[in-house]
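Work through the exercises below with the sequence and the coordinates at hand. Each task is followed by a solution in steps.

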Amino acid sequence: MLVIIWKCSNSRKAKVIRLLKEELAKLARDFVCISSHFELVIENYSEEEAYFLWADVERDLGARVTLTSEGKLTYLSKELSVVSSTTIIGFEQRKEIAEDFLRQQYGDALEYLSFSYAEEREGCTKFVYQQCVGNLPLSSYYCHIEVSCGGEIVLFNYKGYTENLPVYPKKLIEKEKILAKSLASSNWYLTLEYLSSAVCDVEKDGLYMIYENREFMKKFDATTGDANVEDEVEEELETYEPFPNVEVSLKSEKIEDIIEIPSSMELLRQVDQGDETGLVWREKDWQSSNDRSFEGFFSERAEDTVKATISKTTNQLKSFIWMKERLGTLELSFAQCKKIAIDFVGQHFSAFIPYMQIAIEQESFNEANKAFFTFPVHDGNGLMIEGEFFNVAVNRTTGLIDLLMSPSVSINMLEQLQEKPILPLDQLVEPIKQIDACLHWSTEYNDQDQPYEQLKYKLCESSTKHFIKGINAWTGALICRKM
């Protein structure tokens, strides 16, 4: 196809490209029924693929199709609300529909990919087909197909297969050696973290005291037991200073006033984001380019905007970022910017003051004249909460806040955090017994950045094979990752 294009004259070449694009666009539309409510928001072409996205902005629905440059389907998704059928069919019929669809797209795929498992989801069933070596699925080659209860394809994600299979090692290192080394007492440490029930198998979102293990994130060579060099992460020691008491004055708590949205901007859209509401503002006179490429789409969605999120529970500001450049005439010092950041957080999040510290940063500004400050959150007694902090960017030319990120943990969680007895590590024999070293194929990269599959061990829960986060130090329960 590309040879034909490059042999054409410039005018002929442009015409051929246009016809090829039109053909790909028609093929894409054949995979989804697009109603009058839907608008084509992305139509992007590259040498490798064509990408199409339709959206119903008012109802937050969408449909996406990705084709190769030869017109082969690699990805299809559409919201269940878009599916029209009301008839309910059985599991086996849904599986047959999935496999028929796969055969239609790739006639020989099922000679290499075999059915692995099915997962029931709300309103549909997900069927997973994988290419296996040594009864273990390769990480790079698979196909996921979701079929609605009515028999419509709502997701198709095809990653192909390989005829150059990796060699299964003739001899494996005994996993007991990896377990003995990994589960040694010197590898365990206590941490206080906010866990989401969407990510880990915990009963609810909240703060947890966890015994973590330095080996949980590593992958071990199945023949030597060695961990990859890149898996070894050096911990940087951070230094902190106390967060000062900030005199809280009565100021407007209106979101637009906190972010300092001028009257020249208007609320562009309001989006439901689960526990939060997303808000986007932009200048009233901003002109759209009507460009449907990726670049045009991201320009349409983000250029010259101000984006914020609001907690539905507290109606309090959670984050915001100015995508619109603001230039002033000031030349504030790093220390002056730091005071502005401290005053802002102390003023609008005063309840967190007893639970915050200041990370000591190297004095610097980025290319956009912004200084960044981090205010880590602790339990009130100095025990840092992993990954929980306020992050603020101050514009040295205006003295204004251009970015705010706030922690996931709420003030109620901190105030209700009571001292619970921590189980000694030597009493956690049973959960440690549930930890196993599981074999899996892992995608690695050589010196030329070319991917290849290599057999690895990774620590997991023995029955489910789920990767492990840690052990609940209050209850002794093993905490596994869902993703």
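**Exercise 1. Classify Asp449 as buried or exposed, and give its loop and its phi.**

Step 1. The classes are buried (under 20% relative accessible area), exposed (over 50%) and partly exposed in between, with a 1.4 Å probe and protein chains only. Asp449 has 56% relative accessibility, so it counts as exposed.

Step 2. Asp449 sits in the loop between β21 and β22 (451-461). Helices (H or I, at least four residues) and strands (E, at least two) are DSSP runs, numbered from the N terminus.

Step 3. Its phi is near 65°, a positive value in a residue other than glycine.

The model is a predicted one, in which local features need pLDDT of at least 70 and side-chain atom pairs count only at pLDDT 80 or more, while totals for chains, interfaces and linings use all residues. Residues are numbered from 1 along each chain as its sequence is written, and side-chain values use heavy atoms, with hydrogens and water left out.

**Exercise 2. Describe the salt bridge between Glu120 and Arg94, including where each residue lies.**

Step 1. The criterion is a side-chain nitrogen of Lys or Arg within 4 Å of a carboxyl oxygen of Asp or Glu. The whole structure has 21 salt bridges.

Step 2. Glu120 and Arg94 meet at 3.8 Å, N to O.

Step 3. This pair links distant parts of the chain: Glu120 is in strand β5 (residues 114-121) and Arg94 in helix α3 (residues 91-105), 26 residues apart.

Step 4. Arg94 counts as buried, at 9% relative accessibility, whereas Glu120 counts as exposed, at 54%.

**Exercise 3. Find the N to O distance for Arg103 and Asp100, and the network to which they belong.**

Step 1. The side chains of Arg103 and Asp100 form a salt bridge of 3.1 Å, N to O.

Step 2. Both are in helix α3, and because they are three residues apart, about one helical turn separates them. An α-helix has 3.6 residues a turn, so residues three or four places apart point the same way.

Step 3. Arg103 is partly exposed at 41% relative accessibility, and Asp100 is partly exposed at 34%.

Step 4. Salt bridges link Lys95, Glu99, Asp100 and Arg103 in a network.

**Exercise 4. How much space lies in the second largest pocket, and which residues line it?**

Step 1. On a 1 Å grid over the protein atoms alone, a pocket is an open set of points where a 1.4 Å probe fits, with protein on both sides within 12 Å along at least five of seven lines; lining residues have an atom within 4 Å of a point. Grid points are joined across faces, edges and corners, and the volume is the space filled by probe spheres set on them.

Step 2. The second largest pocket holds about 900 Å³. Of its 25 lining residues, Tyr117, Gln130, Pro137, Lys465 and Phe467 are the closest to the centre.

Step 3. Two or more lining residues come from each of β5, β6 (124-133), β7 (136-148) and β21 (435-445). β7 gives the most, with seven residues.

Step 4. Nonpolar means Ala, Val, Leu, Ile, Met, Phe, Trp, Tyr, Cys and Pro; charged means Asp, Glu, Lys and Arg; the others, Gly among them, are polar. The lining then divides into twelve nonpolar, six polar and seven charged residues.

**Exercise 5. Check the span of helix α7 (residues 334-348) and state what its buried residues pack against.**

Step 1. The expected span is 1.5 Å times one less than the number of residues. For the 15 residues of α7 this gives 21 Å, and the end C-alpha atoms are 21 Å apart, which agrees.

Step 2. Buried residues of α7 include Phe334, Cys337, Ala341 and Phe344.

Step 3. With contact taken as heavy atoms within 4.5 Å, the buried residues of α7 pack against α5 (255-259), β16 (317-322), β17 (357-359), β18 (370-378), β19 (384-395) and β20 (401-405).
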